[in-house]
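Biologist: Can you put the model up? I have some questions about what holds parts of the chain together.

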Amino acid sequence: MIRCTRSSSNPWPYLAHHSCAPQGRWSWPLHSTWSSRHVLLAYSTTDHRGIAIPVLAGRTRRARHRTVHFHSFPKDAPLSPLPPPTTTFSAADDPWIDVRTGYRYDQVGLRALFLAAHRIDDLALPHPPAASALLRIAVAVTARVTGLDDPELTASQWNALRRSRLAEGRFDPGAVHAYFDSHAWDVFDPLRPWLQEPALRTQCDHTTGINAFVPGRPAGHNLAWFSPHGHHSADPVPTAAALQLLLIHRYYGRAGTGTPRTLNGATSGKQTSGPLRSSVSFHPLGRTLHETLLAGVPAFTGDDQPPGADACPWEETTPGLQAAPSGAVTWPGRQLTGLSRHAILLVPGQDGTTVADAYITWATQQPKPITTDPYLAYRIIPERKNVARRRTLHRADASRAWWRELETLLLAPDEHGTHRRPAIFDTLNDLPEPLRRSLRIRVHGFDQDGKATDRQWYTAITPPLLNWAQEHDPVKAERIAECCRQAEQVAQRLATVAKQAWDAATHRRTPQPPWSRRALTRYWPKAETVFWRLLEEPDTEAPLAFADAAAAALRETTQAARIRHTFAARAVAHAVKDLYRRPATARKAA
């Protein structure tokens, strides 16, 4: 441990003159709060180049910001070499997809996934965003091997064909083998790596780094508070896991400044967010993966599309188009698999079983195309002046239980409504009756902001609920919608009265008082119990039932304060009374 005293002329004398200071151009950002007198640094010599790396070792008290910049990639650093011919990993034939059959878990490739889909219960990928992305890819392949990608079929012909494919009970092995034998699936192919851009070796002057590729690892300007990873320990990732992370970056990638890329003489590091960023997807879930994939194929809703105009990225005949979408958003391949905003290239390890590094940059600088993802719900905001911005996707919220979305999922499209259920729900009513009655919904969400912050991903499975849809049981659907609306309104009222009670009890105004947050945390589990009870008791008043749950949550939250302080008990009593007060209805205009 070395104490470095800085002066006004040279704030970092030790780093400038000590013989152990890192030489060359290194990138190790220190963005933190330093003492106004000194900073404590420790040096580690574990780097793979044998060069010492500074590591923060002391804590400080007073705020003074200083930044130390090293550049980890010298300008004359060699480009990543082409993988040797023996380095291969086939996305079609090598195992990388986690699946579940009963209580048994296994890994398979894409080809085996389709050949055994009738025996597989469900996907079992550990990352819900990767599972949602893989389902879109698998549905596109399903449309290819079953003939459901023909835009010239009428609606009745298309539904009849899907019913016949469901009745067969499995995918045709001949069609599966013919499809996978017709395209390139090698992840490390020098010319056509699967879902990657090989030109990044020459278009980017350095890699992004494996730590930036793996979610959760500290990279860039982030300090390694609770992680063993860093510039000195950039551990490789198994190729099977790296492929799943590749899908996350393609569909949920971040916006902002990324690795600069030079294309057509122009260099830019600006990238836009992925097509599914901060979204929640709703996928039909059958009794087997075979049923799941066929139920998840969206119907063609366009006006005109010539046969053969649609292509998935791995089906493109020109190398380099796997990462750069161009042209119209065609159905279903381009719509489900070809809207990525990020170009990625994996750098393999010694034998191809691991990925040691990665390039992540922008794939296109064109504006995002306006399209409708069949598995996303949308909100309509008519107050916005810009017509193109009136529709926004239903954002993922890790604190929001799935049952609160039932109003959106079950009500049929309404031109005057403010919510649009996923378009895939419009085709589920045409499924055979036994499948429709047993069909559940798989929810995959990734709670993110619009730029670069990833908060939490989550997943859930609903019970069979299509029989509650408005097309089949309008009374039940309206009751569910009423209960969802009342639960939300009571929650808003609870937050308001809890804040008022806190302000009255403490004699000061607080923007976000703890009583509101804690009361809502206790309220929603109680509200879910009330919700399911109300569905069994159609004559019970929903506002009163949810108000009871809110009052109980508020009393539990404030129990200690009410016992100790009389003025707190008085404030809570007034708040509970306000919970049962019906909102005043607007007077009709004379």
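Predicted model: local features only at pLDDT ≥ 70, side-chain atom pairs only at ≥ 80, totals over all residues.

Biologist: How many salt bridges are in the whole structure?

Modeller: A search of the whole structure finds 29 salt bridges.

Biologist: Where do Arg100 and Asp121 lie?

Modeller: Arg100 is in strand S6, while Asp121 is in the loop between helix H2 and strand S8, so their pair ties together parts 21 residues apart in sequence. The N to O distance in this salt bridge is 3.6 Å.

Biologist: Is Arg100 buried or partly exposed?

Modeller: Arg100 is partly exposed, at a relative accessible area of 25%. Asp121 also counts as partly exposed, at 22%.

Biologist: And Glu488 with Arg404, buried or exposed?

Modeller: Both Glu488 and Arg404 are buried. Their side chains meet in a salt bridge at 2.8 Å, N to O. Glu488 belongs to helix H14 and Arg404 to the loop between strand S16 and helix H11, 84 residues apart.

Biologist: Changing topic: at what angle do H15 and H16 cross?

Modeller: The axes of H15 and H16 cross at roughly 145° and come within 8 Å. The crossing is right-handed.

Biologist: What kinds of residues make up the contact of H15 with H16?

Modeller: The contact has 15 nonpolar residues, 1 polar and 5 charged. Among them are Trp515 and Phe531 in H15, and Phe546 and Leu554 in H16.

Biologist: Which residue forms a salt bridge with Glu556?

Modeller: Lys526 does, with the closest N and O atoms 3.0 Å apart. Glu556 lies in H16 and Lys526 in H15, so this pair ties together parts 30 residues apart in sequence.

Terms used
Residues numbered from 1 in each chain as written. Heavy atoms only, no water. Axes fitted to C-alpha atoms, helices over the stretch in contact; angles between N-to-C directions. Helix = DSSP H or I, 4+ residues; strand = E, 2+ residues; numbered from the N terminus. Left-handed = near helix turned anticlockwise from the far one by under 90°. Contact = heavy atoms within 4.5 Å. Nonpolar A, V, L, I, M, F, W, Y, C, P; charged D, E, K, R; others polar. Salt bridge = Lys/Arg side-chain N within 4 Å of Asp/Glu carboxyl O. Buried < 20%, exposed > 50% of the residue type's maximum accessible area, 1.4 Å probe, protein only.
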